[in-house]
Amino acid sequence: MRIREPALEDTASLARIQVDTWRTTYHGIVPSDYLAGMMYTDAESRWRERFTHRMSDNWHALVAELDTQVIGFVVGGPERVQDPEYSGEIYAIYVLPEYQGRGVGKRLFLESISKLKSNGLHPVMAWVLEENPNRGFYETLGGELVRRRKVEIGGALLSEVGYGWNAIQHPISQAAREESA
C-alpha cells in the first residue's frame, strides 16, 4: 500500500469511496432518502471543485492506493469553527469497507497528522457522528472526547462528538509505516 497526494484523475474513486462508505456506515443513522440521493457524479464534481479551488493553502488530501486502486482517503487542514484549543482538523477519513481493519485508516491518519503538524496546525481534532459504528477507531488512535454538537443532515438533527489529540509528538516512523502496511 502506498500513501500519496491525489490527482485530478482520482476524483471518480474519491467520490465512490465517499458515497459507498456513507451508505454503509450511516445506514440507519442518516435518513435513508438522503443516502439514496447521494450521487457519484455530484460527489465527483465537488471533488473536482476542491482540487481546482483549494479551501486554503494548508488544506490537504491523501489517498491510500493498493495495486493502483484507491481504497481510502483523508482530508485535513485548519480547524473550521475557530475552536480555542485546536488549530488543525481531520475533516474526513474514509476507507472502503473491505479494507477496514487492515491499518489503512491508521496510516492515513498518521500521515495527515504529520502534514498538519508541519503546517503548524496542532493540536488536532476530528468531528464524528456519535452513532458512527466506527468511532472507536479514533479512540484507538488516542483521541479524547472533547466536544459535542448537533448537526443537520438530510433534515435530521444528529449528534456529533469531537475527538482531540493534544499529545501526538512523534513524527511517523518507518516502523509505524511498516506496521500499518
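Predicted model: local features only at pLDDT ≥ 70, side-chain atom pairs only at ≥ 80, totals over all residues.
**View B. Aromatic pairs, with F137 and Y138 as one of them.** The count of aromatic pairs comes to ten. F137 and Y138 form an edge-to-face pair, with ring centres 5.2 Å apart and planes at 80°. The angle meets the edge-to-face class because that class takes planes over 60 degrees apart.

**View C. Cluster of W47, F51, W59, F73 and Y94.** Ring pairs link these five residues, W47, F51, W59, F73 and Y94, into a cluster. W47 and F51 also belong to the helix 3 side of the contact with helix 1.

**View D. Crossing of helix 1 and helix 3.** Helix 1 spans residues 11–25 and helix 3 spans residues 40–52. Their axes come within 8 Å and cross at roughly 125°, which means that helix 1 is oblique to helix 3. The crossing of the two helices is right-handed.

**View E. Residues in the contact of helix 1 with helix 3.** Helix 1 contributes T11, A12, L14, A15, R16, Q18, V19, D20 and R23. From helix 3 come Y40, A43, E44, W47, R48, R50 and F51. Sorted by class, the contact has eight nonpolar, two polar and six charged residues.

Definitions and conventions:
Residues numbered from 1 in each chain as written. Heavy atoms only, no water. Axes fitted to C-alpha atoms, helices over the stretch in contact; angles between N-to-C directions. Helix = DSSP H or I, 4+ residues; strand = E, 2+ residues; numbered from the N terminus. Parallel < 35°, antiparallel > 145°, perpendicular 65-115°, else oblique. Left-handed = near helix turned anticlockwise from the far one by under 90°. Contact = heavy atoms within 4.5 Å. Nonpolar A, V, L, I, M, F, W, Y, C, P; charged D, E, K, R; others polar. Phe/Tyr/Trp six-rings, centres within 6.5 Å; stacked < 30°, edge-to-face > 60°.
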